[in-house]
Each structure stands twice: as C-alpha cells, then as structure tokens.
2 protein chains.
Amino acid sequence: MAMKGNALMAQSGGPTAVINNTICGVAHECAMHPEIEGVYGAINGILGVLKENLIDLKREDPYIIQGLRSTPSAALGSCRYKLKETDYARIMDVFKAHNIRYFFYTGGNDSMDTANKIDKMAKERGYELKVIGAPKTIDNDLEMTDHCPGYGSVSRFNAIATRDAGRDTDAIYTSDTIKIIETMGRDTGWITAATALAKEGENDAPHLIYLPEKPFIVENFLNDVDQVYKKLGRAVITVCEGLKNENGEYLTASKSAIDMDKFGHAQLGGVADYLCKLIPANLKIKARFDKPGTIQRMSMACASKTDIEEAYRVGRVAVKSAVEGKSGYMVALARQNGPEYWCKTELVKLDEVANKVRKMPDSFINKEGNFVSQEFIDYVKPLIGEPLPEYVRLNGQKVQRVLAPY
Amino acid sequence: MAMKGNALMAQSGGPTAVINNTICGVAHECAMHPEIEGVYGAINGILGVLKENLIDLKREDPYIIQGLRSTPSAALGSCRYKLKETDYARIMDVFKAHNIRYFFYTGGNDSMDTANKIDKMAKERGYELKVIGAPKTIDNDLEMTDHCPGYGSVSRFNAIATRDAGRDTDAIYTSDTIKIIETMGRDTGWITAATALAKEGENDAPHLIYLPEKPFIVENFLNDVDQVYKKLGRAVITVCEGLKNENGEYLTASKSAIDMDKFGHAQLGGVADYLCKLIPANLKIKARFDKPGTIQRMSMACASKTDIEEAYRVGRVAVKSAVEGKSGYMVALARQNGPEYWCKTELVKLDEVANKVRKMPDSFINKEGNFVSQEFIDYVKPLIGEPLPEYVRLNGQKVQRVLAPY
C-alpha cells in the first residue's frame, strides 16, 4: 500500500487551451485512491509552493472541476520562475509542513527540470515523496514523448487561421497580396509547421513556411516570395517568431533586460513585422501580417478533441503512477502502430527530459527549407483531432464573353 | 410583372466570415422568381464586371451554394477598386450585352457609392435596371442601418479572444503582465468596443479600451495603464488600429504610397506595437501584443449565428425588393423594440449611405474615453449570437499557512 499523505499539483509556464484538463485528470484520479488524503493546488506554480499559497481542491464543486475541461488557461495560475538553490530547502519545508507525499507538476522542459531537482532532493533527504511530471507545452519541444498536450490545439487553431487567411487572400489578392502569419515557437518550428494542414490543393495557403531549424536567409526568402507571387499573384506565408539567421541569432530578439523572462529567454516577436517591411522595399508588393499571439494558445473554440483527451489522460496516469510508487518520471505519449491513431502512455525519466529541446528532424522539412514534408503532415494530422471544417468553392462556369476586352 | 432578364451579383471590399451567406441568400431568392432568368456572379467585384469576367451561378451544385453558408471569405472574389468616370459606360455595355436587369452589390460605404452611381447612370440612359445594395462590413460604419452583417461575427471572435487573453494574463501575470490586443477598424471603434463583452466581473479583461472616436493622448493612456497595474498587477487593453492623436492624425499610418489602397486609404497597423514600446519605456513593465489581423474577420469557428442569419436574409430581401421594382436602395436592418432581439429589414436610399461613415455616438463611450458604456453593451450583446462559452473559476479555499513567510 502506498504511503498515506496529501497530493499537491501545480501548473507552470505559458498557459494552453487544454492544460486545465490535466488538473481535472489529476483531481479525478486522486479521488480514486484512499491513500491520497488532501488534494491541494499551488497558486502560480512553484511560486505558490514557496509562498505556501495553497488551495484545497477537495472543497471545490465537482461541477467546477469538470468545467476545467472546457476552460482554457491555467486555473491554478502559472509562473516563469527559475528556482534558486536555496529555494529547494523551502520547498521541502512546505512539503513536510503539509505532509505532501505526491507532487504533480505540469509544464515544459524548465518545469521538468524543477520537478527533477525536487525529486532528487527528497531522495537525498530521505523524505518519502513521489514526483511525476505531466507534459504541457504548445511548443512541442519535449524529448521522449511523441508530442506534448497543448500542441494539438495550437496547431488546430493555426491551421484554421491559415486556411481562413488563405481564403481571405484568394478573395482580395488584388489589393491585399502578401500575408504573413507569425506563430509562436521559441526555438522550434513545430507550431508553424502545423499550418501546412491548411493546404488542400497545390495553390492553397500556406505557400511558404519558415522554421527556426533552418537558417533564415533574406535573399532566399525574397526569391521564394517572388516566385509564388509570379505564379499565383498572391502568397500566404507562415513564419516562426523564433527565426534565426545564419549566425544562429534571432532575427528580432529584444535586447532589453525587461523583456527577458526569469530563465533569461529573450522575448521574441516582430519577425512578421520585419519581413512585411522587407517585401515592399525589395519586391514592390504590399504585405500585411497577422500575429495571433497568445490567442493561438488559448483558443478553446478551436481546441483539438484528441488533445483535450490526452491532456486529461496524462493527469490521471500521473496520479496512478505515483500511487504505484513511481517517482522522478514524466508521463509521455507513445504513438502505436496501426491503422487508427492511438498513443499509449509510458513513463520516461525526468533526467532525460529536463532542459532539453527537441527540434524538428530534417525529415520533417523540405529540401529547400521553405515547407514541411509529407512525413511531417502524417505525424501532425491526427493531433488536431477532427478534420478541419469543410469550406466550399464555386465551380465557376464562365459566362461566354461577347465584348472586346476592356 | 417585373422585367425579364438576368441577375448579377458581386462582392466588394474586405471579406468577412458571413458575406457568402448574402450570396447564398441572393441565389436562393433568385431561384424563386421566374422573371430572373440567368443568375451570374462577377469575379472580383466590379473588376469582374469591367473585364466581363462572369460566372453562371445556375450551373453551380446546390450543395455548394448551400455550403457558402459555412464558408468564410468572398467566394466570388472581391476587390478594392475606385471606379473612374469612364468605367461606368463600360459597365452599362456589359449589362446590356448580358441583359443584366438586376444588380446586387454587397459591400461597405465605397461599394454603396458604386451601386448608387450605376443606378443613376442606368436611369439617365433609360436602361431598365434594378440595383439593390446589401450591407457588408466588419467595421459597422454604415449609416441608416442598426448594424452591418459581418460585425456580429468579428465582435464574437474578438470578445472570445479577449476573454481568452484575460484568462491567459490572469494565470501568467507574474511574467506576462500587460497585454494589448489590436483590432481592426479604420475610422471607428465599433469592433474594438465589442471586446467589452469579454468582461464578466470588475477585474476581468478588458481593463481599458481605446477608440478612434476619442483623441488618443499618450500621457492619459500611460496613467490609465499604471492605475490598473497598481490595482490588479496586470492589464489587458484593447486598441483600435485606427487610433488618432489630438490633431486627428493616425498614430501609425504608413506614409508609403504602396500601402495606400485604391481609394487612397492608408494601410494602418502597428498601433499595439507602438504602445508596447511606450509601456516598458515609461512604466518599466513588460508588455506584449496580439494582432489577430485578418483572422478576426474570417473566423467561421467563432461566427455569430445571428450574423449568419441576417447576412443570408439581406441577400434574399435584396432580390425580393428588386423584383418588386425597387432600385437605388440598400437593405438595412432596423432593430425592433421588445423583450427579444429582432431586426426587421427595410430599404434605405443609397444616397444616404454612400461614402458616409457612422462613428460611435458619445453615449456609447465612457466619460474618460477608456471604455464603453452600458448602453453600448446593450446594443452589441445580441449581435454576437449565443452567449460566450462559459469558463469556470476555482473557488480557491485557502489551505491554512503554518510556516513563516518566505
């Protein structure tokens, strides 16, 4: 029988449309195990642990807990806080004071590092604690898992937005000719790449996709845009906020200290704006950009049902694994072979995930570095859930001209 | 009996999520009147008329015509083209060559001017032609109608996006503190104002709203932001792309000729980016922006069912009115008194709509010029259709602290 005690959960990093499903999964599964007595949530992630700012989830209305499944963002609050060495002792004090024996942390690679260090410190100190991480990042850049909850939904939003933008440009290309959509993605192109799902036919948006896995060369970009424009009279281009030049420098990182987060990551953005100025200056064509920003990660209206289900499931499995005595692991999704898409869950060591960044493999990007491969499409398609909504196109039977051209 | 002949329809200006509903309504209603023989569509608006680039809508699959109801953008293509004086004679030639006796034009104030001129020229020349305009503009700036089809859907998208952005900021305000969302709206704040629908409680987003109807004063803005930040530790601010300073100049209009559209309107944008630089420079707080751009006007996933129904209905009424012998009118929506929202349709003279811009009345804006009034909320709420999706919030019963503060 597992140790009796209380469970604590916390959310970290950028919110997503589905991360509350993981909290709901943890809460539901905790209720199934009598050895888990109290079920607490830390307010604003690890900051809530440090400040002893905890809430009692057993006193929440079950209707509210269930409602988390259709509520975007992080209901417990989140943070970006890099722990100092001295913070770990405080965490242990808080855990002991509240008899926390189960700790569940949802987040990305920074968070998995935090969870890993807490697990190790508890072992060193002989404090019995089960620590399980649940993956959460729209960036989809965690190692050891097929994909990350949050990614399917941001991909669905951006695929729909890109298809919509394509239809917009198809209609009004005589004046709004070039459209650039800037997606999130600090160091990897997973999110941007998923916009390829918008494409139905050869001439449909997106026409070009630029990812940080390949150095961005302005001359090649302008040449690509010019070619698409000459062929179609228009272009819809998706770019990652984290594009880098040949020297590996962000195209547009802010150098201002105020724009660094607590991990020292630069705040990005402005790539599309920059490219929108390059195009008229060099090609004499008008360009506009859309930057959905945080809207993309928060859209429950465009969330993936597959993503919602998986985010919930990793929460439940995290609790089951801890009760079975596992600690120092993250719940990963492992895609199974077969005619239907299915991921089983498995446990991977936090050591193998912490602070690592999984970039898109070369086989997912085309040779020219301006689009994705079919292999990537096959990878990402099931993650967005149901097929994209079907839009029609007029067949367009021409009426015979009878006048001279005007 | 109305004159036998062919009908022609065309779409103009920026596409919307629902404008194809108007085309569907026109096509469906035309099928009901034997005096309307052929039903044609002009490709890319009035440009398609000038170029005699017409398609035969009677040869379209009824399934496709029905599918227009859930397909955003302008299926016939659109344009921004200011007619030259000499173009009108060409239009008459094309109409005569194809025996066009019914002309339906969906668009905004520029388009109603075009329709008006065509109507007058036909009358001058004694060519029997019925011209009816159907309102379409997300900007909601047409005179003589309660509102414009397209506006309800862009409002719903932005209200959802702002609520989502509010939840995002609630969760991660310790690092993402100030968020600015830039909406469309060339000269009027209707779209931006509708983001107020996101607000549930006093502390919810949006906290501040800035509209071009009031001069934007940087000092007041910074003061407003500072006050919200001091109270809540965060702020979500929505701003219109068309904000103007005390001299009536756009804050950020491009002076480049390539960025002017064919009507000489400057391409706007960059307001949020500009404000995002002001905030850290003056208040030492980090600010980010979301700019959904054309995504906001194209989102069928967030379209308003009321808007969809009305866009369809104005198309049907346009045809009915023309068959009844009316010409030189636009179909307007007239809100009826009563406990339930309902707009009846009526005809207003194109003269009274053409080239006019309806700004938000003072009574729709608060005294401070940084939010909307309850009167505006009452106006806009029914236009977005169903209530916004319900999100939950944890009750948050605190666990008793037992340690000294850290």
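The structure is a predicted model.

Chain A contains twelve helices and eleven strands. Its radius of gyration is 23 Å, close to the 22 Å given by the globule rule for 406 residues, so chain A is as compact as a globular protein of that length. Along the principal axes, the C-alpha atoms of chain A fill a box of roughly 90 × 45 × 35 Å. Of the 406 residues, 58% count as buried. Among contacts in chain A between residues at least 6 apart in sequence, 75% join residues at least 24 apart.

The domain assignment divides chain A into domain 1 (5-149 + 302-352) and domain 2 (154-300 + 359-384). Their centres, taken over C-alpha atoms, are separated by 32 Å. Contact between them involves 22 residues of domain 1 and 21 residues of domain 2. On the domain 1 side, eight of these residues are nonpolar, eight are polar and six are charged.

In chain B, four strands form an open sheet with parallel pairing, in the order β7-β8-β6-β9. The edges are β7 (208-210) and β9 (287-290), each of which pairs on one side only. Neighbouring strands are turned against each other by 20 degrees on average, direction ignored. Three bridges join β7(B) to β8 (residues 235-240) of chain B in the parallel sense. B:I209 has B:T238, in β8(B), as its bridge partner.

Helix α6 (residues 151-172) of chain B packs on this sheet and touches β6 (178-183), β8 and β9. The direction of helix α6 makes about 170 degrees with that of β6(B). Helix α8 (residues 218-232) of chain B lies across β6, β7 and β8. Helix α8 runs at about 155 degrees to β8(B).

Technical notes: Residues are numbered from 1 along each chain as its sequence is written. Chains are lettered from A and ligands numbered from 1 in the order in which they are written. This is a predicted model: local features need pLDDT of at least 70, side-chain atom pairs count only at pLDDT 80 or more; totals for chains, interfaces and linings use all residues. Domain bounds come from an automatic or database domain assignment. Two residues are in contact if their C-beta atoms, placed from the backbone, lie within 7 Å. Ala, Val, Leu, Ile, Met, Phe, Trp, Tyr, Cys and Pro count as nonpolar, Asp, Glu, Lys and Arg as charged, and the others, Gly among them, as polar. Helices (H or I, at least four residues) and strands (E, at least two) are DSSP runs, numbered from the N terminus. The radius of gyration is taken over C-alpha atoms; the globule rule is 2.2 Å times the number of residues to the power 0.38. A residue is buried if 20 or more other C-beta atoms lie within 10 Å of its own, exposed if 12 or fewer, and partly exposed in between; C-beta atoms are placed from the backbone. Two strands pair if DSSP finds at least two bridges between them. Axes are lines fitted to C-alpha atoms, for helices over the stretch in contact, and angles run from 0 to 180 degrees between N-to-C directions.
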